[in-house]
Amino acid sequence: MALTFSASLICVLVLQSFLLKINSHPYGSDVRKGDKDLLEFPLNLEYLEAEFFCHGSLGYGLDKVAPELTMGGPPPIGARKANLDPLIRDIMEQFAWQEVGHLRAIKSTVKGFPRPLLDLSAATFAKVINSAFGKNLRPPFDPYANSINFLTATYIIPYVGLTGYVGASPRLQGATSKRLVAGLLGVESGQDAVIRGLLYEKSNLKVKPYGITVAEFTNRISDLRNKLGKAGLKDEGLVVPKQLGAEGKIQGNSLAGDKYSVAYDRTPEEILRIVYGSGNEATPGGFYPKGADGAIAKSYLHTANH
């Protein structure tokens, strides 16, 4: 009888331990050492998107909605609530909560790192737009001014993360890592499709007071990212030359893809060149004034300092 009771108790304890592991690591716990850095690197962009969407739609960020996810990292610079119409505000709030979920998913699989210092000020977005057009727009572009400006600003960010997940996918070894990245890529792709769809509907609209169409804004931003990434064509605006459209048959480009309409990929190095705005993975700036975090990003900062 005692032996049976002991065996039952052991079985219960083993089952409890197993369930705790599952709850702590919803995507599994078999993350291979080689995958860890590749899974942690996207946190840089997920933090950026979460803060931008939260502040833009709600007027506050992670420090209020999920302070534990920041791990004590500094609050973002210049983020604020945007002047959005009800539909766009609703969509952006959905994106905000989705990004909070992405942070939880990654951090439940790997340890992660604290929120890096982010610069989400209107001035930083204005610098990106000025670089895209090769001149200073007057007045400076303000992403928080209205819905079309905010949508244009969202065009700058999520797509970069999407290409990063595509690039990371073939480099991952473990099933847990592959499942997580596939799931993140699915939702990031959905966000990008919604953003592009909303902008495509207004592609011929001239953004006030610049007299420049929405399509031209997207084309210039995509050209800038190609230039900064230094890896050829991996970015396309909403209206392209017919030969770059799907099957070389159409100029409308609601979804970006290569000649087979397959998503483009980017390496962490290419992503850092773009989000730093410097074209150099070892030179911080742009949205990350002190640089991104994690082993991959830090390896380039370390190299630059020695």
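In this predicted model, 18 residues line the second largest pocket, and Ser254, Leu255, Ala256, Gly257 and Ser261 lie nearest its centre. A pocket is an open set of points on a 1 Å grid over the protein atoms alone, where a 1.4 Å probe fits, with protein on both sides within 12 Å along at least five of seven lines; lining residues have an atom within 4 Å of a point. The elements giving two or more residues to this lining are H8 and H9, and the largest share, three residues, comes from H9. Helices (H or I, at least four residues) and strands (E, at least two) are DSSP runs numbered from the N terminus.

In the largest pocket, the lining residues closest to the centre are Val128, Ile274, Tyr276, Gly277 and Gly286. Helix H6 (122-133), H10 and helix H11 (268-276) each supply at least two residues of that lining. Ala, Val, Leu, Ile, Met, Phe, Trp, Tyr, Cys and Pro count as nonpolar, Asp, Glu, Lys and Arg as charged, and the others, Gly among them, as polar.

| Pocket | Volume | Lining residues |
|---|---|---|
| Second largest pocket | about 260 Å³ | nine nonpolar, seven polar, two charged |

The chain contains 12 helices and two strands. Of its 306 residues, 51% count as buried, that is, under 20% relative accessible area with a 1.4 Å probe, protein chains only.

The largest nonpolar core has 77 residues, and Phe52, Met92, Phe125, Tyr144, Phe217 and Tyr288 have the most contacts inside it. Such a core is a set of buried Ala, Val, Leu, Ile, Met, Phe, Trp, Tyr and Cys residues joined through side-chain atoms within 4.5 Å. A second, separate core of five residues includes Tyr159, Val166, Ala256 and Tyr264.

Helix H9 (residues 175-201) has 27 residues, which at 1.5 Å a residue should span 39 Å, and its end C-alpha atoms are 39 Å apart, in agreement; the expected span is 1.5 Å times one less than the number of residues. Among its buried residues are Leu180, Leu184, Glu188 and Gln191. Helix H3 (43-58) and helix H5 (86-107) are among the elements that cover the buried residues of H9.

Residues are numbered from 1 along each chain as its sequence is written. Local features need pLDDT of at least 70 and side-chain atom pairs pLDDT 80 or more, whereas totals for chains, interfaces and linings use all residues, and side-chain values use heavy atoms, leaving out hydrogens and water.

Methods:
Buried means under 20% relative accessible area, exposed over 50%, partly exposed in between (1.4 Å probe, protein chains only). Contact means heavy atoms within 4.5 Å. Grid points are joined across faces, edges and corners, and a volume is the space filled by probe spheres set on the points.
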